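Hi,

Here is the structure I promised to pass on. Please have a look at it first, and then read my notes on the side-chain contacts below.

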Amino acid sequence: MELANTLRQDGESRGGVLAHLERLETQVSKSRKKLEEPQNAQALEARIHELKRLRDKLRAEVKQRQARVKASTANVEPDQILEISEQEILERKQENMKAILQAYRFTGISGKLTSRGVCVCISTAFEGNLLDSYFVDLVMEKPLWIHHHSVPVFIPLEEISAKYLQTNTRHFLFVLWEYLNAYSGRKYQAERLQSDFAAFLVGPLQRNSLCNLLSFTYKVKPEGQSFPFCARLLYKDLTTTLPTDVTVTSQGTEALPSTWEEQRAAHENLFFTKPLHQVFTSFAKKGEKLDMSLVS
């Protein structure tokens, strides 16, 4: 009986100690939370004060800069401000022109800066043969304008300038190069026909200044009997070196044999697709036999 009472008392004693320890832990945890809350609040408040201080400092700096800018422009006339602005624009145009010339240096367009602006040289070529060169002297003012040039009068320079010079200088130079290069290519073909294949021609080659309208009479066999053909080549697109319209007819009123009619039609196809000197090179190699492989 006494042993049982002793065990019961020991159990109650141990249970009471554990409960007491749990209560102490709970109190300690609450105390820690109470101590941490004021510290967090204090840190947050200090951060807010620091941000406000930085804000006020930035506002003061902005006001000081605005005051300095206002003071520096107070004694400058509006015309002077406009002049400075235009000068900056012209300088940017000059830098842009340098970039354009750098980009086009492999296409036949080159240039050098002058006291007024830039002098652009446009070189033309056809089938790897260097041909004529032309120059355009641009004055870097507002508006941009052409001081001197060597562009032929039949090239629509004024029209090209009106469209692109003020808004897109890069495109202006490219379009002008297209016109000049195509003109040089057409002239080169006409000159090659007259110099290298004169034996095939019956009479002179007729052409206009732009070399976009050619007419001539020719034979496919330079010696002996050969039926002559009359050709008329029109280049409506002045930026191309191949004709847009081709007409080949027989000379005289006699009816053509069927084989000659086939040749006439084949000639038209050749003139549409090959430069003039290549067409007559085919005649020279094959004689009366047209190289039909060129037609395909």
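A residue is called buried here when its relative accessible area is under 20%. By that cut-off Phe-280 is buried, because its value is 0%. Please keep in mind that this is a predicted model.

Let me start with the rings. The whole structure holds 16 aromatic pairs. In one of them, Phe-271 and Phe-280 are tilted, with 6.3 Å centre to centre and 45° between the planes. Phe-271 is buried as well, at 1% relative accessibility. Both residues belong to an aromatic cluster that also takes in Phe-197, Phe-200, Phe-216, Tyr-218, Phe-229, Trp-260 and Phe-283. Elsewhere, the charged end of Arg-186 sits over the ring of Tyr-235, 5.9 Å from its centre.

Now to the charges. The count of salt bridges comes to 7. One of them joins Asp-137 to Arg-116, with the closest N and O atoms 2.7 Å apart. Asp-137 is in strand β3 and Arg-116 is in the loop between β1 and β2, so this pair ties together parts 21 residues apart in sequence. Asp-137 is buried at 6%, whereas Arg-116 is partly exposed at 38%.

Within helix α5, Arg-264 and Glu-261 are 3 residues apart, about one helical turn, and their side chains meet in a salt bridge of 2.9 Å, N to O. Arg-264 is buried at 16%, while Glu-261 is partly exposed at 34%. Together with Glu-268 they are linked in a network of salt bridges.

Lys-236 and Asp-245 form another salt bridge, at 3.2 Å between the closest N and O atoms; Lys-236 is exposed, at 59% relative accessibility.

Best wishes

Definitions and conventions. Residues numbered from 1 in each chain as written. Predicted model: local features only at pLDDT ≥ 70, side-chain atom pairs only at ≥ 80, totals over all residues. Heavy atoms only, no water. Phe/Tyr/Trp six-rings, centres within 6.5 Å; stacked < 30°, edge-to-face > 60°. Buried < 20%, exposed > 50% of the residue type's maximum accessible area, 1.4 Å probe, protein only. Lys NZ or Arg CZ within 6 Å of the ring centre and 35° of its normal. Salt bridge = Lys/Arg side-chain N within 4 Å of Asp/Glu carboxyl O. Helix = DSSP H or I, 4+ residues; strand = E, 2+ residues; numbered from the N terminus.
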